Amino acid sequence: MQPLKGITVVTLEHAIAAPFATRQLADLGARIIKIERPGSGDFARGYDSRVNGLASHFVWTNRSKESVTLDVKHPEAAKALQKLVLEKADVVVQNLAPGAAARLGLGYERLAERKPGIIVCDISGYGADGPYRDKKAYDLLIQSEAGFVSVTGTADEPCKAGPSIADIAAGMYAYTNILAALMQRAQTGKGQHIDISMLESLAEWTSYPLYYAFDGAPPPPRTGASHATIYPYGPFPTGDGGTVMMGLQNEREWAKFCDVVLLQPALAKDPRFAGNAKRVASRDALRALIVEAFSGLTAPQVVERLEAAQIANARVNSMHEVWEHPQLKARNRWREVRTSAGPIPAMLPPGSWNEGPRMDPVPALGEHTEAVLAELGIDAEGVRALRAAEAI
């Protein structure tokens, strides 16, 4: 599955948002040339060493790429970068500090004058203009600014999402916008400037609580792992010390739950719990009844009753349990990807194709520098001179 084979992306990226977007383009066959700082590279390489000495964030978002080290502040390296973009790139992706790419001559306006078909995707915290343009933006900060933290956590304490959800949201919108721009270019021959903001990406993902709080209405309360506006929907303890996650969606399920799971069919007609809005308002009383009913059952017994009633349920899996998840194994979702520290398992990207996606190695820092420079006509002597000048 390589629908983007023949497309070259030059990316000045670090951390998560841009690397996640370009890795997905690589999955579809695009050539990704990743420009990194000599010596240290993408700073996500140093986040941790949990994967055979490599960083967990980095191996997740950087397979199937070529790593080229260039000190873009060095005149000769900057010249090589310009040549690379003008001769090779269909797409340029960057999430440097605001204005940095333009100072390198990689802004869309300047590139489009010389290469009208170029697609430039800029990813930043707050966008290319506005009063927050130059404000520093990290994932947790954007989770806060977008209101996500305000509706996540418990009544006593707000919480962030475990994964880097603001980065992931921005990466997904960058990825889909680049695909759309490539389709548009195929029809018109013209490129596109794409301006992706982490704030706008995550604000879009929080549109349900935004609308819930429409016109000054109270926002959804923070309810931990329980659903804020549907009940019962969340985790419940069992008599063996376990936890079962379950969710009801309608009145038919509510009646079945009372009859088959709680063995209290009369509860379905209790006026306190007639309809979801009343169950939410009386959640404390209803929770007490459910906890009492589950107190004499093991987690597997509760799950058995929920399955019999066709009530949605799930295990609260640890990360170790996800590695061994029987559904992922049954669907053959794991592959092996090479790294400089040896092979590691990697999950197939979502989607089913007759031919699998591209899943090539995670690059070592600067692994492809000489090969890519050779494509630009820089011979071995020129490479030695650049190394001597610490430009690569």
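# Close-up views of a predicted model

View 1. Tyr-233 is partly exposed, with a relative accessible area of 29%. Buried means under 20% relative accessible area, exposed over 50%, and partly exposed in between, using a 1.4 Å probe and protein chains only. The model is predicted, so local features need pLDDT of at least 70 and side-chain atom pairs count only at pLDDT 80 or more, while totals for chains, interfaces and linings use all residues. Residues are numbered from 1 along each chain as its sequence is written, and side-chain values use heavy atoms, with hydrogens and water left out. Tyr-233 sits in strand S7. Helices (H or I, at least four residues) and strands (E, at least two) are DSSP runs, numbered from the N terminus. Setting aside neighbours within four places in sequence, Tyr-233 is in contact with Ala-225, Ser-226, His-227, Met-246, Gly-247, Leu-248 and Gln-249. Contact means heavy atoms within 4.5 Å. Tyr-233 and Asn-313 are 80 residues apart in sequence, and their C-alpha atoms are 9.4 Å apart in space.

View 2. The bond from Tyr-231 to Pro-232 is cis, with omega near 0°. Pro-232 belongs to the loop between helix H9 (207-212) and S7.

**View 3. An aromatic cluster.** Tyr-231, Phe-236 and Phe-294 are linked into a cluster by ring pairs. Rings of Phe, Tyr and Trp (its six-membered ring) pair if their centres lie within 6.5 Å; planes under 30 degrees apart count as stacked, over 60 as edge-to-face and the rest as tilted. By this rule there are nine aromatic pairs. The ring centres of Phe-236 and Phe-294 are 6.5 Å apart and the planes stand at 85°, so this pair is edge-to-face. Phe-236 lies in strand S7 (residues 233-237) and Phe-294 in helix H12 (residues 283-294), so the pair ties together parts 58 residues apart in sequence. Both Phe-236 and Phe-294 are buried.

**View 4. The largest pocket.** This pocket holds about 1,400 Å³ of space. On a 1 Å grid over the protein atoms alone, a pocket is an open set of points where a 1.4 Å probe fits, with protein on both sides within 12 Å along at least five of seven lines; lining residues have an atom within 4 Å of a point. Grid points are joined across faces, edges and corners, and a volume is the space filled by probe spheres set on the points. The lining has 46 residues, with Arg-23, Trp-60, Trp-334, Ala-346 and Met-347 nearest the centre. Elements giving two or more residues to this lining are helices H1 (17-27), H2 (56-61), H7 (165-188) and H14 (319-323), and strands S10 (334-337) and S11 (344-347). By class, the lining has 25 nonpolar, eleven polar and ten charged residues. Ala, Val, Leu, Ile, Met, Phe, Trp, Tyr, Cys and Pro count as nonpolar, Asp, Glu, Lys and Arg as charged, and the others, Gly among them, as polar.

**View 5. The second largest pocket.** Here the space is about 1,100 Å³. Of its 39 lining residues, His-14, Phe-43, Asn-95, Leu-96 and Ala-97 are closest to the centre. Strands S2 (31-36) and S5 (119-124) are the elements that give two or more residues to this lining. Its classes are 19 nonpolar, eight polar and twelve charged.

**View 6. The largest nonpolar core.** This core has 33 residues, and those with the most contacts inside it are Val-9, Leu-25, Val-91, Val-93, Cys-121, Ile-123 and Ile-178. A nonpolar core is a set of buried Ala, Val, Leu, Ile, Met, Phe, Trp, Tyr and Cys residues joined through side-chain atoms within 4.5 Å. H7 gives the most to this core, with eight residues. Apart from this core lies another, of 28 residues, including Ile-33, Leu-81, Ala-89 and Leu-373.

**View 7. Two loop residues with positive phi.** Asn-52 has phi near 55°, a positive value in a residue other than glycine. Asn-52 is in the loop between S2 and H2. Leu-263, also not glycine, has a positive phi near 60°. Leu-263 is in the loop between helix H10 (251-261) and helix H11 (276-281). Leu-263 is exposed, with a relative accessible area of 53%.
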